[in-house]
Amino acid sequence: MKKVFKILLIILGIFAALFVVLLALIYIPSPKFEPVVYEPLVPDYWPTEGFLTTTPEEQGLDSAKLVEMVKFYEKDHAKDPTNSIDSITIIRNGYIVADIYLDPLYPQDTQHVLHSSAKSIMPALIGIAIEQGHIESVDVPVIEFFNDEEFEIIDERMAEVTLKDLLTMRTGIRARDSYIYQHMGLWEMFAAEDLIEYFFSLPLDAEPGTRFDYSTLAYFMVSAVIEKTTGMNPVSYARENLFDPLGIEDITWPTNPKDPGLGFAPMWMKPHDMAKFGLLYLQKGLWDGQQIIPADWVEDSVFPYAYPKTYVDILDENGKKDTDASSTAWVSYDILQHYSDGYGYMWWLDKEGNFAAFGTAGQYLIVSPEDNLVVMITNSSSDTGTFFPGKLFSNYIIKAIESNQAIAVNETAHTELVALSTPPELNQEPKVVAELPAIALDISGKTYALEANNWNKDNYQLVFDPAFNHAVFSFTAKVDEVASIQVGLDGVYRFSETEGGNFAAFGSWTSPNTFEIFYRHIGYSAPTQLILTFDQQMIEVTETSVTGSTTYSGEME
């Protein structure tokens with residue numbers, strides 16, 4: 001009996017030791033590291049008019065390893081469809097060595113939403129504005145940019161928040177607008193009549209400059225500073241001072257009717273164009289003889305000012321620790337998310353010297369100075385699939401590099417790689433169209449005015465005709481966005497071109513009064529599911545997309 005008791009004590013001791021180790025992993029701050037130091041290798045041409053292409057082997061990469069990467073992804077995607085990559089563009093020494101398209105609905109040379117990976121563009125504009133004399137320095141308190149306006153401030157520490165605090169996500173402000181908080185603060189932000197006034201009205205949970213807490217509101221305020229100091233909205237300022245010199249023309253960057261300076265997630269750009277921006281940072285702001293961004297600003301941008309892995313205590317609306325959110329933050333920053341060893345001016349950093357722009361659903365722009373490499377990955381993933389591209393970069397792309405000189409071409413593997421530049425075919429088998437329920441013709445052509453909702457949709461309309469195997473769904477959103485798209489009733493996508501982009505959609509009646517629509521906005525990071533339930537003059541909508549589900553209602557006009 002004593003022997004058994006002794007064994008139990010040993011086992012308990014082992015578990016206690018493991019528990020202590022786990023606590024140490026959670027609460028010991030992430031060790032600081034030195035910023036990346038490098039001298040750029042100037043390319044032998046500038047891709048202002050577009051990137052040139054070579055075999056991977058001409059730039060020292062093994063085609064077979066890149067083909068192996070795609071097969072690894074396809075195997076994982078077959079098991080978990082929520083891991084869904086749209087494209088992978090790999091550039092070494094300024095040349096595209098692989099341009100891979102994996103989603104049947106996403107063709108080459110098409111805009112893709114960037115989400116928060118676009119955040120890394122705004123600090124470039126700040127650096128340019130400082131160089132041009134519009135802004136004195138990053139140490140200016142944010143409130144001083146808006147001295148001509150009156151705001152109600154409830155926390156006196158707000159006066160200490162600087163532009164640098166915005167850029168490094170260390171404002172201390174209780175914004176609670178990231179996925180860690182289920183975007184709760186984001187919806188509050190969108191509902192605000194004046195976003196700048198909303199910013200200054202918030203309380204602080206920490207002293208400015210001390211605590212990393214990722215925030216889209218902080219990024220919006222950077223764009224507001226650009227507008228205030230330059231007299232131009234960020235879209236125009238970026239075109240004139242950044243995009244035009246790079247030869248980037250095809251951009252969609254909507255402005256906000258409430259505040260034209262809005263500059264964050266809605267930006268759309270072609271992957272090759274975003275890769276140009278990555279190459280610009282790899283070259284420390286130099287482009288074809290022109291110093292577009294000051295070199296020292298680029299160096300400052302990728303300096304580790306904050307260490308996300310250190311900040312695992314996430315606070316609730318009362319400034320108290322939120323245990324669930326804190327657990328999510330720890331798993332995200334310490335286990336799942338690559339490039340979270342440090343954070344610069346809206347660039348994510350790792351200890352190996354790589355830096356990345358990262359956006360919702362897995363939009364990645366990765367720059368590796370040591371390997372003279374730029375990688376742009378667009379994605380439509382959810383859950384842990386969001387972080388999958390980081391695994392591909394570490395386990396396959398970097399490991400494909402065999403030399404800094406040309407190596408022998410693997411003809412078979414290269415042929416396979418070239419074939420991947422065309423998206424796979426979309427295989428769809430049409431189904432028999434079910435007979436329309438009686439309510440379909442009752443509501444056909446009728447417009448439903450919608451109550452206030454997260455997506456700012458104004459109204460919906462459906463048109464059914466028994467003679468056709470598709471319906472027509474129309475909606476307006478944010479006042480100026482109007483779309484009318486065909487919806488296949490036979491389980492097959494119908495494709496529609498609209499001013500707001502291209503759509504693919506199908507739908508079905510799942511009950512006598514419920515119609516379900518599944519559509520893809522081509523280049524967006526997630527499909528949208530709409531469940532429309534009709535009850536006489538009323539409609540109830542459940543909408544599910546990249547930020548989760550929301551329910552709202554409407555009434556027939």
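Student: Is Gln290 buried, partly exposed or exposed?
Tutor: This is a predicted model, where local features need pLDDT of at least 70, side-chain atom pairs count only at pLDDT 80 or more, and totals for chains, interfaces and linings use all residues. Residues are numbered from 1 along each chain as its sequence is written, and side-chain values use heavy atoms, leaving out hydrogens and water. Buried means under 20% relative accessible area, exposed over 50%, and partly exposed in between (1.4 Å probe, protein chains only). Gln290 has 42%, so it counts as partly exposed.

Student: How far apart are the C-alpha atoms of Gln290 and Pro245?
Tutor: Gln290 sits in strand β7 (residues 290-291); strands are DSSP E runs of at least two residues, helices H or I runs of at least four, numbered from the N terminus. Pro245 is 45 residues away along the chain, yet the C-alpha separation is 8.6 Å.

Student: What sort of aromatic pair do Trp297 and Tyr345 form?
Tutor: Rings of Phe, Tyr and Trp (its six-membered ring) pair if their centres lie within 6.5 Å; planes under 30 degrees apart are stacked, over 60 edge-to-face, the rest tilted. That rule gives 40 aromatic pairs. For Trp297 and Tyr345 the centres are 4.9 Å apart and the planes 40° apart, making the pair tilted.

Student: Where does Tyr345 of that pair lie?
Tutor: Trp297, in helix α10 (residues 295-301), is 48 residues from Tyr345. Trp297 is buried at 7% relative accessible area, and Tyr345 is buried at 2%. Tyr345 lies in the loop between β8 (342-343) and β9 (348-349).
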